[in-house]
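Here are my notes on the model. Please read them with the structure open.

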Amino acid sequence: MRLPQLLQDSDDGPAREVLYRYYGLGSYRQASPFTGARFDTWDNSGTRSVDRDRFTADDLVAVTLLSVHVPALAAILLLETRAGRFTELLEALGEDRDLVEERAPWSADWAGTKLWKELTSLPDVGATMASKLLARKRPRLRPIYDSVVADVIGSKQLWNHCERS
């Protein structure tokens with residue numbers, strides 16, 4: 001795994017400029033920020049903090065801001081038909097916490113692994129969408145990991161342990 005060049009330089013100015021552009025800050029205030037900049041803060045219903053253990057329509061909208069289309073059947077299963085199972089797994093996973101603080105190996109019986117398998121069992125939900133849905137609920141424990149991130153850090157197997165059947 002490697003850090004992007006912007007994060008290897010001692011001068012943080014270029015990295016800061018990229019973030020300012022992405023979030024529409026500083027000299028980029030008049031420009032439209034990237035839609036993904038709203039992923040973490042999207043809360044149209046105003047209930048994100050009370051819905052930490054339940055997937056909501058706001059979560060589905062948030063992942064669309066990251067260029068992911070949630071198929072209708074997957075949305076129905078996630079929000080309605082199998083909503084209880086997903087809530088049970090999110091509750092078992094516990095509070096959000098920093099990934100770096102995790103000491104125990106993630107096993108097949110860990111709630112995060114079970115949640116991953118449930119998400120990827122939804123119709124047309126692959127690793128990218130599952131990663132973004134999990135990041136919406138536990139952003140510090142399960143950061144977004146997709147092909148763009150994999151290319152930037154030079155790793156194709158960061159979440160390999162969860163992707164095994």
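1. Start with α3. Its buried residues pack against α4 and α7. Those buried residues are D58, D59, L60, A62 and V63. Buried means under 20% relative accessible area, exposed means over 50%, and partly exposed lies in between (1.4 Å probe, protein chains only). Helices are DSSP runs of H or I with at least four residues, and strands are runs of E with at least two; both are numbered from the N terminus.

2. On the source: this is a predicted model, in which local features need pLDDT of at least 70 and side-chain atom pairs count only at pLDDT 80 or more, while totals for chains, interfaces and linings use all residues. Residues are numbered from 1 along each chain as its sequence is written, and side-chain values use heavy atoms, with hydrogens and water left out.

3. Next, the core. The largest nonpolar core has 30 residues. Such a core is a set of buried Ala, Val, Leu, Ile, Met, Phe, Trp, Tyr and Cys residues joined through side-chain atoms within 4.5 Å. F55, L78, L115, L119, L122 and L133 touch the most other members. Helices α3, α4, α5, α6 and α7 each give two or more residues to this core. The most come from α7, with 5 residues. In soluble globular proteins, nonpolar side chains tend to be buried together.

4. Which residues does L122 contact beyond its neighbours within four places in sequence? They are A74, L77, L78, R82 and F86. Contact here means heavy atoms within 4.5 Å.

5. Now the aromatic pairs. The count is 3. Rings of Phe, Tyr and Trp (its six-membered ring) pair if their centres lie within 6.5 Å; planes under 30 degrees apart count as stacked, over 60 as edge-to-face and the rest as tilted. Y22 and F34 are stacked, at 5.2 Å centre to centre and 20° between the planes. This pair links distant parts of the chain: Y22 sits in helix α2 (residues 13–23), F34 in the loop between α2 and α3, 12 residues apart. Y22 is partly exposed at 26% relative accessibility. F34 is also partly exposed, at 39%.

6. F55 and F86 pair edge-to-face, because their ring centres are 6.0 Å apart and their planes stand at 85°. F55 lies in the loop between α2 and α3 and F86 in helix α5 (residues 83–93), so the pair ties together parts that are 31 residues apart in sequence. F55 is buried, with a relative accessible area of 2%. F86 is buried too, at 1%.

7. Together, Y22, Y23 and F34 form one aromatic cluster. Y22 and Y23 also belong to the pocket lining: with L19, V148 and V149, they lie nearest the centre of the largest pocket.

8. That pocket has a volume of about 1100 Å³ and is lined by 29 residues. On a 1 Å grid over the protein atoms alone, a pocket is an open set of points with protein on both sides within 12 Å along at least five of seven lines; a cavity is a set where a 1.4 Å probe fits but cannot get out, and lining residues have an atom within 4 Å of a point. Grid points are joined across faces, edges and corners, and a volume is the space filled by probe spheres set on the points. Helices α1 (5–8), α2, α7 and α8 (147–153) each give two or more residues to the lining. The largest share, 6 residues, comes from α2. By class, the lining holds 20 nonpolar, 5 polar and 4 charged residues. Ala, Val, Leu, Ile, Met, Phe, Trp, Tyr, Cys and Pro count as nonpolar, Asp, Glu, Lys and Arg as charged, and the others, Gly among them, as polar.

9. There are 2 cavities of 30 Å³ or more in the whole structure. D43, S45, T47, R48, D51, T56, D58, D59, R136 and K137 line it. Both α3 and α7 give two or more residues to this lining. The lining has no nonpolar, 3 polar and 7 charged residues.

10. Last, check the backbone at two loop residues. S67, in the loop between α3 (57–64) and α4 (72–81), has a positive phi near 65° without being a glycine. S67 is exposed at 72% relative accessible area. D124, in the loop between α6 (111–120) and α7 (127–137), has a positive phi of about 60° and is not a glycine. D124 is exposed at 66%.
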